[in-house]
Amino acid sequence: MAMAARTGVELPGTILGVGLGGFVDGILLHQVLQWHHMLSSSGADNIGVRPYPVDTVPGLRMNTLWDGLFHTFTWLAVLIGLGLLYSRITGSRGQVWRSRSLWGWILVGWGLFNLVEGVIDHHLLGIHHVRSGPYQLWWDLGFLLLGVLLIAGGWAWQRTGGRLDLCRDDEPAA
């Protein structure tokens, strides 16, 4: 089992999922929809960060900086996940994984991203919310629920994957 942990796609897939899930959040929610930025609830947060309103140039500059740091983290997670995946593939000795295994673990990682980022940034720190306004708690809870569903779905999907041994001789011995 210890050898399987060092040669499986669980860790690389999960780390890739964290990074890719962060990209979905950052690109879709921060940039395309512009629902929030990293510090868009500063001033009303739980830790006393000074306000950086997104409707002022200085506030938008600070939020853009923090969004960039966030994207740097997600980019590094993708690079690390790819590096680990490459090391698993080159050291697999003829064993490869069905794509369902990798994609299942990627979904698990995305769900973990949603749970950790949602609990820390939305609920504990309060530095931003999925969508501020009268229903912001429901948006934040929906983000967490999506994380749970991604983890459950990814876990179930990866279990249908498994490995193939390309070096195994399926011919009966003579």
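This is a predicted model: local features need pLDDT of at least 70, side-chain atom pairs count only at pLDDT 80 or more; totals for chains, interfaces and linings use all residues.
I started with the largest nonpolar core, which has ten residues in all: Val18, Leu29, Met38, Leu39, Tyr52, Phe70, Phe113, Ile127, Val130 and Phe143. A nonpolar core here is a set of buried Ala, Val, Leu, Ile, Met, Phe, Trp, Tyr and Cys residues joined through side-chain atoms within 4.5 Å. Buried means under 20% relative accessible area, exposed is over 50%, and partly exposed is in between (1.4 Å probe, protein chains only).

Residues are numbered from 1 along each chain as its sequence is written, and side-chain values use heavy atoms, with hydrogens and water left out.

What is Val130 in contact with, leaving aside neighbours within four places in sequence? I listed Leu29, Trp35, His36, His122, Trp139, Asp140 and Phe143. (Contact means heavy atoms within 4.5 Å.)

Then I stepped back to the whole chain. I counted five helices and two strands, in the order α-α-α-β-α-α-β from the N terminus. These are DSSP runs numbered from the N terminus: helices are H or I with at least four residues, strands are E with at least two. Of the 174 residues, 37% count as buried.

On to a helix pair. How do H2 and H3 pack? Helix H2 (residues 10-32) and helix H3 (residues 57-90) meet at an angle of about 155 degrees, and their axes are 8 Å apart. The axes are lines fitted to C-alpha atoms over the stretch in contact, and angles run from 0 to 180 degrees between N-to-C directions. So I can call H2 and H3 roughly antiparallel, a label for angles over 145 degrees. In the contact of H2 with H3 I found 17 nonpolar, eight polar and three charged residues. (Ala, Val, Leu, Ile, Met, Phe, Trp, Tyr, Cys and Pro count as nonpolar, Asp, Glu, Lys and Arg as charged, and the others, Gly among them, as polar.)

In the loop between H2 and H3 I stopped at Gln34. Gln34 has a phi near 55 degrees, which is positive although the residue is not glycine. Gln34 is exposed, at 57% relative accessibility.

Last, I checked Arg159 in helix H5 (residues 136-159). Is Arg159 buried or exposed? Arg159 is exposed, with a relative accessible area of 61%. The C-alpha atoms of Arg159 and Ser101 are 6.8 Å apart, though 58 residues separate the two along the chain.

Conventions. Angles under 35 degrees count as roughly parallel, over 145 as roughly antiparallel, 65 to 115 as roughly perpendicular and the rest as oblique.
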